[in-house]
Amino acid sequence: MLEVESLACLKGDRLLFRDLAFRLQAGGLLRVAGPNGVGKTSLLRLVTGLALPEAGEIRWRGESIRRAREAFHGDLLYLGHAAALNDLLSPLENLRFACAAAGDAVDAEDCVQALQRIGLADQLDLPARVLSQGQRRRVGLARLFLSNARPLWVLDEPFTALDVRAVADLAATLSQHCEAGGMVMLTTHQDAPFARPPEVLDVGVFAC
Ligand SMILES: Nc1ncnc2c1ncn2[C@@H]1O[C@H](COP(=O)(O)OP(=O)(O)OP(=O)(O)O)[C@@H](O)[C@H]1O
């Protein structure tokens, strides 16, 4: 379980939010909501340990993520809002590099299958610089198919630039991960056809 208590976030000299709290249990799907600039991405960066909170505590399986950092990161998949691709490399090379950097032992065939499932069968070997925005987004999302062993998925705007069919497919993939006992925390400004409606955490409620 992911537990967040009394969280406060400082950006520069501005307190974005404080006293933010929530729990995410096995099978849970949490949508982080709120207007532009309220602090949704900032919250995800705190929860993933990429940034430090001004106050508060984040626990994973009952342990502070600061103390149990390695175990936490082994259980976590974080996809940021920008597709971090090397434009000179192909989708296949980018995906293999991302998996290797995260310490996931996946072979080339696994990566090919993941890219085919995400709809990039015809773009496997093109340089990433020629991909459309939606295709770039899909390269990052292909990691979902290689990350079932990681229970906690934290995704920043995963639906951005996807077409209607891809939005539906992604919503189904996230729903399946939750049904299998995983957890998903995501930001999005659009509705998606999840199997069950997500819980909503409105960051605006905690804004300063
Ligand atoms: N150094 C700084 N000083 C003051 N405010 C800052 C500083 N850095 C970032 N901010 C503010 O912190 C907030 C961070 O926004 P964040 O990206 O977390 O918002 P968001 O809710 O994800 O927005 P969006 O919906 O647009 O993606 C923004 O309002 C931004 O202007």
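Guide: A crossing is left-handed if the near helix is turned anticlockwise from the far one by less than a right angle, and right-handed if clockwise. This is a predicted model, in which local features need pLDDT of at least 70 and side-chain atom pairs count only at pLDDT 80 or more, while totals for chains, interfaces and linings use all residues. Residues are numbered from 1 along each chain as its sequence is written.

Visitor: Which hand does the crossing of helix 3 and helix 4 have?
Guide: The crossing of helix 3 and helix 4 is right-handed. Helices (H or I, at least four residues) and strands (E, at least two) are DSSP runs, numbered from the N terminus.

Visitor: Why are helix 3 and helix 4 called oblique?
Guide: Helix 3 (residues 91-102) packs against helix 4 (residues 108-117) at an angle of about 120°, and their axes are 10 Å apart. Axes are lines fitted to C-alpha atoms, for helices over the stretch in contact, and angles run from 0 to 180 degrees between N-to-C directions. Angles under 35 degrees count as roughly parallel, over 145 as roughly antiparallel, 65 to 115 as roughly perpendicular and the rest as oblique. The two helices, helix 3 and helix 4, are therefore oblique to each other.

Visitor: What makes strand 1 and strand 2 a pair?
Guide: Two strands pair if DSSP finds at least two bridges between them. Strand 1 (residues 2-11) and strand 2 have 7 bridges, in the antiparallel sense. Glu3 stands opposite Arg23 in strand 2. The two strands form a hairpin with 2 residues between them, and Gly12 in the turn has a positive phi of about 60°.

Visitor: How many bridges pair strand 1 with strand 4?
Guide: Strand 1 pairs with strand 4 (residues 55-60) over 5 bridges, again antiparallel. Glu3 has Arg59 as its bridge partner in strand 4, Ala8 faces Ala55 there, and Leu2 stands opposite Trp60.

Visitor: How do you know that strand 4 pairs with strand 5?
Guide: Strand 4 and strand 5 (residues 63-64) are joined by 2 bridges and run antiparallel. Trp60 stands opposite Glu63 in strand 5. Their hairpin has 2 residues between the strands, and Arg61 takes a positive phi near 50°.

Visitor: In what order do these 4 strands form an open sheet?
Guide: The order is 2-1-4-5, with antiparallel pairing. Strand 2 and strand 5 each have a single partner strand, so they stand at the edges and one side of each is left without a neighbour in the sheet.

Visitor: Which order has the open sheet of 5 strands?
Guide: That sheet has the order 6-7-8-3-9, and its pairing is parallel. Strand 6 (76-79) and strand 9 (199-202) are its edge strands, each pairing on one side only. Neighbouring strands of this sheet are turned by 15° against each other on average, direction ignored. Strand 7 (residues 152-156) and strand 8 (residues 183-187) run parallel and are joined by 5 bridges. Leu152 stands opposite Met183 in strand 8.

Visitor: Which residues are around the ligand?
Guide: A residue is near a molecule if its C-beta atom, placed from the backbone, lies within 6 Å of it. The residues around the ligand are Lys11, Gly12, Arg14, Leu16, Gly34, Asn36, Gly37, Val38, Gly39, Lys40, Thr41 and Ser42. Strand 2 (14-24) and helix 1 (40-47) each supply at least two residues of this shell; helix 1 gives the largest share, 3 residues.

Visitor: How many residues of the shell around the ligand are polar?
Guide: Ala, Val, Leu, Ile, Met, Phe, Trp, Tyr, Cys and Pro count as nonpolar, Asp, Glu, Lys and Arg as charged, and the others, Gly among them, as polar. The shell divides into 2 nonpolar, 7 polar and 3 charged residues.
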